[in-house]
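The points proceed from the core to the overall dimensions and then to the sheets.

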Amino acid sequence: MQTLRKTLLFSLLALPGSLMAQQVREVDICVYGGSSAGVIAAYTAKKLNKSVLVIEPGKRLGGLTSGGLGYTDIGNKYAISGISRDFYRRVGKHYGKFETWIFEPGVAEKVYQQYVKEANLEIVYDHRITRAGKAGGKVTEIQLESSVGGTPKVSAVRAKMYIDCSYEGDLMALAGISYTVGREANAQYGETYNGVQLRDKHQFPDNIDPYKVPGDPNSGVLWGINTKPLAEQGSGDKKVQAYNFRICLSNNPENRIPITRPEGYDSTRYELLLRLVKHHTPGDLNGFLKFDRMPNNKTDINNNNAFSTDMIGMNWNYPEADYATRAKIIKEHELYNKGLLYFIGHDPRMPEHLRKQMLQWGYPKDEYMQFGNWSPQMYVRESRRMVGAYVMTQANCEGKNTVDDGVGMAAYTMDSHNTDRVIVNGMVKNEGDVQVGGFGPYPIAYRSIIPKKEDCGNVLVPICLSATHIAYGSIRMEPVFMVLGQSAATAASMAIDAKQSVQEVDIVKLKATLRQRPLAINTTAEILVDNDDKEQVTVTGNWKKINRGAYGPSAYVSEKGATGTIRFTPQVVSGGTYRIYSYVPKQGDMTAHTSIKVSPDGKAVKPVDFAASAVKVEGQTSGEWVDLGTVKLAKGKKGYVEITTEGADGVVLADAVLFIPEGK
């Protein structure tokens, strides 16, 4: 009988069309979550010759990057490398530019589909995890259900390595890996910006009354206000920074669907906005909506000011909630955001000029067609966070602690949105917003994307990584997630090849692989020479360093009337024709023309210049790449690019020079 059972099981597994063959899959690497990081991780693993399966709980790839966040949070372009940088160049190509960080949701999704097609990735949509089986300190399989009901096409995935690229960290949690939710007390890691924070940004002015009947506490509080006393500054809790949707609208009448009254609409939810507007009436919608413009008459609207699209305090249960509860929270956020837009345009108590401005906008006909022209991706700014082999903290952000196993960089401000709306001295106040910057790019530890050894040996977590709440606020940017997704996939591939755990991966080899194969394929890598690369930069004359607006840690500036040169010498591994770009931090007093000398061999010199007017800076950056043309470079360190002060009638800036192989 036992033999018969084994024979029957073998026969079922061997039949290609059998139910079991369809439902149970075995691959080298399973990527859970088709987010921005998930697509890049899967693409990387496939290019490294691994079999890959992507499990996506929804119907769309790209997560927030294709879900409305088109006005990219950059921090510093120096921090964005590898395939992540390639993504923004592919988007740029769509718009006829070198690279761009401002784009429509549909364009982002098309670029992710390019990666899927090029790597022949297999994506299983509408499937989500229900259980993770473990043995010997490793995940042996994950079990799945259909997100939309019915029998799942794939019921289980058995992989050598798993990469959790979800915003919620569901695979990580079900695998028994240590994690936390909420804010640590400052005392836990010696921080100053963690925990409860009552600060001045996105804050109500004094004297905004919290009660339904102004001045009467017995009348009850307005919607969205927590009546519990404010906790001690810096104390920890389980509260989560607010979520919203990054809203794409259109003001093109031919591509505009009117904003109508959503189901369950309740105008009392927006009473605080009326009181805020009465206190100070803004001239336009930017007074309470961060209204960033996208190509083709579209927007990326984000939260702004004290009352906006953030549904403060309504998401605390989301990280650890079951799927049904999460769906309810997502729907509540959608209706709140849609209701806000409708309220602004239609409530007669709103100032007329703001109503008229709002009515110029509507949902775009050509975006999210499968989802009623509304993004399916709520902005989950923060959910679970792994407590891994290393915890990134405020000290890492500020450069006080520097790791030597960096497999990506972050550079954004320590940024937390508000977590609560409370009453302080009889006035309504927001609590939790932190925006502290002023630091340069810093490395993110490999140990922060892997679990502790005792937790699990074959899972990597590039999104819900190991960081305190406030450090995560700096790291949690979409371009960085893509960088870490590539790093995780590279490490997973190396671990498979060496038959090791993720904790045993050779970090020196991993960093070298990421540097030598930035696109995960065998191609000539571009060459970046930054002004801070001392061995490749020669400075003569009068220059000083500035930090603000620089690519990387700093840039050089020569004041008007000063003389000098800065020579950038690339280390050319493969000779050939390269296109040259110079990074220019835009300043109002810069010289009208910057003179540059380009030498292919250290002997012949070709003069080049660019006009200040050619430096077009867009989005969350203060500089841009300027095309200097092409040059044929021989192997070695012979050619150079030299920025000079010759003929300058203003400030000359020298920052970074990029050499990209032609045909790349």
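1. Which residues of the largest nonpolar core touch the most other members? They are Phe87, Ile142, Ile163, Leu289 and Tyr446, in a core of 148 residues. Helix α13 (residues 478-498) gives the most to this core, with eleven residues. A nonpolar core is here a set of buried Ala, Val, Leu, Ile, Met, Phe, Trp, Tyr and Cys residues joined through side-chain atoms within 4.5 Å. A second, separate core has 34 residues, among them Ile527, Ile546, Val641 and Ala654.

2. On provenance, the model is predicted: local features need pLDDT of at least 70, side-chain atom pairs count only at pLDDT 80 or more, and totals for chains, interfaces and linings use all residues. Residues are numbered from 1 along each chain as its sequence is written, and side-chain values use heavy atoms, with hydrogens and water left out.

3. Isoleucine 163 lies in strand β6 (residues 156-164). Its relative accessibility is 0%, and it therefore counts as buried (buried means under 20% relative accessible area, exposed over 50%, partly exposed in between; 1.4 Å probe, protein chains only). Residues up to four places away in sequence aside, isoleucine 163 touches Ile29, Cys30, Val31, Tyr32, Ala41, Leu460, Pro462, Ala488, Ala489 and Ala492, where contact means heavy atoms within 4.5 Å. Between isoleucine 163 and serine 147 there are 16 residues of sequence separation and 20 Å of space, C-alpha to C-alpha.

4. For leucine 289, with neighbours within four places in sequence left aside, the contacts are Ile301, Asn302, Asn304, Ser308, Thr309, Leu340, Leu341, Ile344 and Met358.

5. Turning to the whole chain, the secondary structure comes to 14 helices and 33 strands (DSSP runs numbered from the N terminus: helices are H or I, at least four residues; strands are E, at least two). The radius of gyration is 26 Å, close to the 26 Å that the globule rule gives for 664 residues, so the chain is as compact as a globular protein of that length. The radius is taken over C-alpha atoms, and the rule is 2.2 Å times the number of residues to the power 0.38. The C-alpha trace spans about 80 × 80 × 55 Å along its principal axes.

6. Of the 664 residues, 58% count as buried. Among contacts with a separation of 6 or more, 76% come from residues 24 or more positions apart. The chain exposes about 26800 Å², of which carbon and sulfur atoms supply 49% (Shrake-Rupley method with a 1.4 Å probe).

7. Strands β27 (residues 576-585) and β33 (residues 656-661) pair over six antiparallel bridges; tyrosine 581 has leucine 658 in β33 as its bridge partner.

8. An open sheet of five strands runs β23-β26-β31-β28-β29, also with antiparallel pairing. Its edges are β23 (537-541) and β29 (606-611), each with a single partner strand, so one side of each lacks a neighbour in the sheet. Strands β28 (residues 593-599) and β31 (residues 640-644) pair in the antiparallel sense over five bridges, and isoleucine 596 stands opposite isoleucine 643 in β31.

Technical notes:
Pairing = 2+ DSSP bridges.
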